[in-house]
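Hi,

Here is the structure I promised to pass on. Have a look through it first, and then read my notes below.

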Amino acid sequence: MLEHKTNMNIPSFSLVRQNQLLKEKLTDCFLLLLDKGRFVLNENVSTFEKKISNYCTVNHGIGVANGSDALYLSLIACGIGQGDEVITTPFTFFATAGSIIRAGAKPTFVDIDNETWNIATELIEEKVTPNTKAILPVHLYGCPAKMDKILQIAKKYKLKVIEDAAQALGAKYQGQRVGSLGDLSCFSFFPTKNLGAFGDAGMVVTDNPDIAEKVSLLRVHGSKIKYHHDLLGCNSRLDELQAAILNMKLNYLEQWTQRRRKIAELYSNLFKKHISAGSLSIKLPQEPKYAYHVYHQYTIQTNQKNELQKYLKNKGIGTTVYYPVPLHLQKVISSYGYRKGDFPVTETACKEVLSLPMFPELTDKEVSYVVDRVVKFFQSSSK
Ligand SMILES: Cc1ncc(COP(=O)(O)O)c(C=O)c1O
């Protein structure tokens, strides 16, 4: 390992380098739109919808305003609402459960597995009731959930499967792209995602033409003919500027994914040397046999998370906790009667996970500096 004598400054995520590299192409996107003067749901959006649906090997893509709306409109399009239950994970961004509640349904949480932090599929079936209408797995941090088991339970109980693939564009489950596994799938193109816009953007993809039609109506207040409203939808249109930028950036996604995977490999190889020498005890992210991980995050787990985070901050290293509060213990969800202790694996993860810097422009030297400092923290704390 390299010895780093001086402090470096490494943010947990940054677009500065990427934007610098793409400056001319980004400027072209703005200028072309300025000339065209069409700002919402036009040709850039339909091109992007085709590109993403092709990429996910499905027939339909419907651009929407953000990933949260993608989830909400998917649930509504499946006819899910009052009195219904949707099975999901409590260890995810709030939007996953928030969308279920917005749709009028109840989020039924199932604890996660310790290996991938994704929904523990062996615990799903016991939570199915006559009111259950769907399973909403999340491919957390870019690692696909165990879809075989989920699809098998869904088939048995006639449930819809809605993938929350917000963090996992490009990830594969047994060689098949996420987005093509469930009945519908939802993506976010928030700037920090693996493919990020210059603001909010999202998409629903599906092979089902009826659901695709419904989502495309719901995003424009349920209207097919202007000022005639057949369904109660909302305004969730995708901007042309975001679509133009995303179309351009999509050309780089493969290269960025490869780089994320390389960075993850480098982190893990460097850490493993210390773990096998017995000088470091942290849990590293796993890539299960069935998975092609796209490392939206490189997340470690340690019971000294708070101290480590503080130490790294002093050494110039930014880190983030995704997510410090489990969804079943969020104030707004308290009326569903969940209690502390209901989902122990999730609750421990919330206390112990720490995401290290991860973005494609990170250099090998920076990765090795981060590892060096993590190792030093544990050396000093064991003295
Ligand atoms: C797992 C997950 N689901 C849903 C969302 C919601 O996406 P958005 O922020 O685009 O609304 C996000 C993004 O933050 C997410 O990470």
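Predicted model: local features only at pLDDT ≥ 70, side-chain atom pairs only at ≥ 80, totals over all residues.

Let's start with a pair of helices. Two packed helices are described by the angle between their axes and the distance between the axes. For helix α3 (residues 43-55) and helix α8 (residues 240-250), the axes come within 8 Å and cross at roughly 40°. The crossing of α3 past α8 is left-handed. Which residues make the contact? From α3 you'll find N44, V45, T47, F48 and K51, and from α8 there are E240, A243, A244, L246, N247 and L250. By class, the residues of this contact between α3 and α8 are six nonpolar, three polar and two charged.

Next, the sheet. Strands of a sheet pair through backbone hydrogen bonds, either parallel or antiparallel. This one is open and has seven strands, in the order β1-β9-β8-β5-β4-β2-β3, with mixed pairing. At the edges sit β1 (60-64) and β3, each pairing on one side only. On average, neighbouring strands of the sheet are turned by 25° against each other, ignoring direction.

Look for I135, which stands opposite V161 in β5. Helix α6 (residues 147-157) packs on the sheet here, touching β4 and β5, and its direction makes about 170° with that of β4. Another helix, α4 (residues 67-77), lies across β1, β2 (85-88), β5, β8 (184-188) and β9 (202-206), and runs at about 160° to β8.

Finally, zoom out to the whole chain. The domain assignment gives domain 1 (20-110 + 117-250) and domain 2 (253-381). Taken over C-alpha atoms, their centres are separated by 26 Å. How many residues does each domain bring to the contact? Domain 1 gives 24 residues and domain 2 gives 24 residues. On the domain 1 side, β3 (106-109) and β6 (172-173) each supply at least two of the residues touching domain 2. That side of domain 1 has 15 nonpolar, six polar and three charged residues.

Happy exploring!

Key:
Residues numbered from 1 in each chain as written. Axes fitted to C-alpha atoms, helices over the stretch in contact; angles between N-to-C directions. Helix = DSSP H or I, 4+ residues; strand = E, 2+ residues; numbered from the N terminus. Left-handed = near helix turned anticlockwise from the far one by under 90°. Contact = placed C-beta atoms within 7 Å. Nonpolar A, V, L, I, M, F, W, Y, C, P; charged D, E, K, R; others polar. Domains from an automatic or database assignment. Pairing = 2+ DSSP bridges.
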